[in-house]
Amino acid sequence: MKRLLQILTALLFLLTTTIVIGQNLRFSDPETVISDHFWGDLYANGGNSFFCDTPFTRKGFLLTDGYIYPLADVRSALECGTSRECEQDNRYRQIASDMHNMVPVRSRTEMGRRNVRYEELGSSVAEDECGIRESAQFFEPPARVKGDVARTMAYMVDTYQLPWLGAASVFKSWNRLDPPDDGERTRHRRVAEIQGNENLYVTNPDRMEML
């Protein structure tokens, strides 16, 4: 009995440690993270917008900080109330500060992406100039970032127990079709250095198949 108790205690410790390592515990002030670390550190020298791949040297009024798992859906999942009410919720603030979920996005694209679900729409829906397909409440990202979206979605679902924003099978397919490239891995390393945790679906994409 004593041996069993020791084993259970060890397993609980291991599980707790895994959870702690796997999520953002360093930041819980979204505004500071966005200004000082996202734009100030991660994109201090510019970069490319996420969906449209448009180069930029600094944040301008045409760019904004976007979220692959939109914050409106986080608020809905947590049932913490309005934006202002959720800002007082420590768990929401922690999730909203997670840079693995943040990307630089054209403001116009981000506005059109609210309250949509990710889906494979196919060639029956025309692409826009960025390679995006949209129909009703559905959004299909450009092929070159489908895997990035899928791995971020898996991270958010698994790490914070949030619901999928689309069919899990679609995200698994995108993960297989678009494996991590050098750009995604480089960005991931920088976020991990700043924030202190990794997205294990980038370092080991096969984890997606276990969800």
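Buried, as I use the word, means under 20% relative accessible area, exposed means over 50%, and partly exposed is in between, with a 1.4 Å probe and protein chains only. By that cut-off R133 is buried, because its relative accessible area is 15%.

Some housekeeping. This is a predicted model, in which local features need pLDDT of at least 70 and side-chain atom pairs count only at pLDDT 80 or more, while totals for chains, interfaces and linings use all residues. Residues are numbered from 1 along each chain as its sequence is written, and side-chain values use heavy atoms, with hydrogens and water left out.

I stay with R133 and turn to salt bridges. A salt bridge here is a side-chain nitrogen of Lys or Arg within 4 Å of a carboxyl oxygen of Asp or Glu. The count by this rule is 13. R133 pairs with E127, and their closest N and O atoms are 3.5 Å apart. E127 counts as partly exposed because its relative accessibility is 48%. In another pair, E140 and K146, the closest N and O atoms are 2.6 Å apart. Both partners are buried, E140 at 2% relative accessible area and K146 at 11% relative accessibility. Through shared partners, salt bridges join E120, E127, R133, E140 and K146 into one network.

A separate pair is R106 with E129, at 3.0 Å from N to O. This pair links distant parts of the chain: R106 sits in strand 4, E129 in the loop between strand 5 and strand 6, 23 residues apart. R106 is partly exposed at 21% relative accessibility, whereas E129 is exposed at 58% relative accessible area.

Next, the strands. Helices (H or I, at least four residues) and strands (E, at least two) are DSSP runs, numbered from the N terminus. Two strands pair if DSSP finds at least two bridges between them. Strand 4, residues 102-106, runs antiparallel to strand 3, with 5 bridges joining them. L63 stands opposite R106 in that pairing. Strand 3, residues 63-67, is mostly covered, with 4 of its 5 residues buried.

There is also an open sheet of 3 strands in the order 5-7-6, with mixed pairing. Its edge strands are strand 5 (117-118) and strand 6 (133-135), each pairing on one side only. Strand 5 runs parallel to strand 7 (residues 138-140), and 2 bridges join them. R117 stands opposite F138 in strand 7.

Last, helix 9. Which of its residues are buried? They are E184, R187, H188, V191, A192, I194 and Q195. These residues are on the same side of helix 9 because they cover an arc of only 165° around the axis, the arc being that of the directions from the helix axis to the C-beta atoms. On the other side, D182 and E193 are exposed. The cover over the buried residues includes helix 2 (30-42), strand 4, helix 7 (146-160) and helix 10 (200-203), where contact means heavy atoms within 4.5 Å.

As for length, helix 9 has 14 residues, 182-195, and at 1.5 Å a residue should span 20 Å, which agrees with end C-alpha atoms 20 Å apart. The expected span is 1.5 Å times one less than the number of residues. Just after the helix, G196 takes a positive phi of about 95°.
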